[in-house]
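Open the model in your viewer and keep the selection panel at hand. The tour moves from one residue pair out to the whole chain.

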Amino acid sequence: MKYCPECATPLQQKEAYSKQRMICSNCGYIDWANPAPVAAAVLLYEKQIVLVKNRREDRNWGLPGGFVEPGENAEEGVLREIFEETGVNGKVTEMLWTYPMLRTKKSFLLIVFEVQRVDGELKAGDEIADVRRVDFQDALKLVEGRLDEHILSKWAQHRGISFKPAGSRVTQTPGTSIRRDQT
Ligand SMILES: [Zn+2]
């Protein structure tokens, strides 16, 4: 944020509440740069994992999910995104973990759920190039090297499922799980 949304004075970087923040010298407005919540899911279809290939951004395979919208809780957000992206209705079976993700201009808070498919058949949504369900080991390979690999591995350990690591050292590249860019 460059200008104060209250009085349009250019914001200046200053220390406030023990961090460098963008502050308005005229009215005292502080840009807190709060993270936007993003919900994603380890989506189970019978014993398989559902992955989506994004049409925009990186075009990598990844977990379904996206931004939580105003008025939604994160569970509603993740189920709506799953329906939009994959065509299936799901139910949240567990809230798993959260991750801070920093990008150059914005920050996000990723909230990961375990979701079971209830009904509906897989059909790629408008923003999705492809959707498929695969065995766990294949899912791990498709998301290799990204945060989603870390999440799936952690989920398997959490559920007591044995697996072979995909082989790479996971170098976390924050933001790879986000389905839509927000500008
Ligand atoms: Zn101001």
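Predicted model: local features only at pLDDT ≥ 70, side-chain atom pairs only at ≥ 80, totals over all residues.

Residues are numbered from 1 along each chain as its sequence is written.

Now widen to strand 8 (residues 89-102) and strand 9: they run antiparallel, joined by 12 bridges. Strands are DSSP runs of E, at least two residues, and helices are runs of H or I, at least four, numbered from the N terminus. Two strands pair if DSSP finds at least two bridges between them. Look at the turn: strands 8 and 9 form a hairpin with 4 residues between them.

Strand 4 pairs with strand 9 (residues 107-119) in the parallel sense, over 9 bridges. Pick P37 there; its bridge partner in strand 9 is L109. While side chains are on display, recall that in a regular strand they alternate between the two faces of the sheet.

Zoom out. How many helices and strands does the protein have? There are 3 helices and 10 strands. From the N terminus, trace β-β-β-β-β-β-β-α-β-β-β-α-α.

Colour by burial. Of the 183 residues, 30% count as buried (20 or more other C-beta atoms, placed from the backbone, within 10 Å of the residue's own).

Finally, colour by pLDDT, the predictor's confidence in each residue, from 0 to 100. The mean is 90, and 90% of residues reach 70 or more. Then select residues 171-183: here the pLDDT is below 50.

Definitions and conventions
Buried ≥ 20, exposed ≤ 12 C-beta atoms within 10 Å, placed from the backbone. Contact = placed C-beta atoms within 7 Å.
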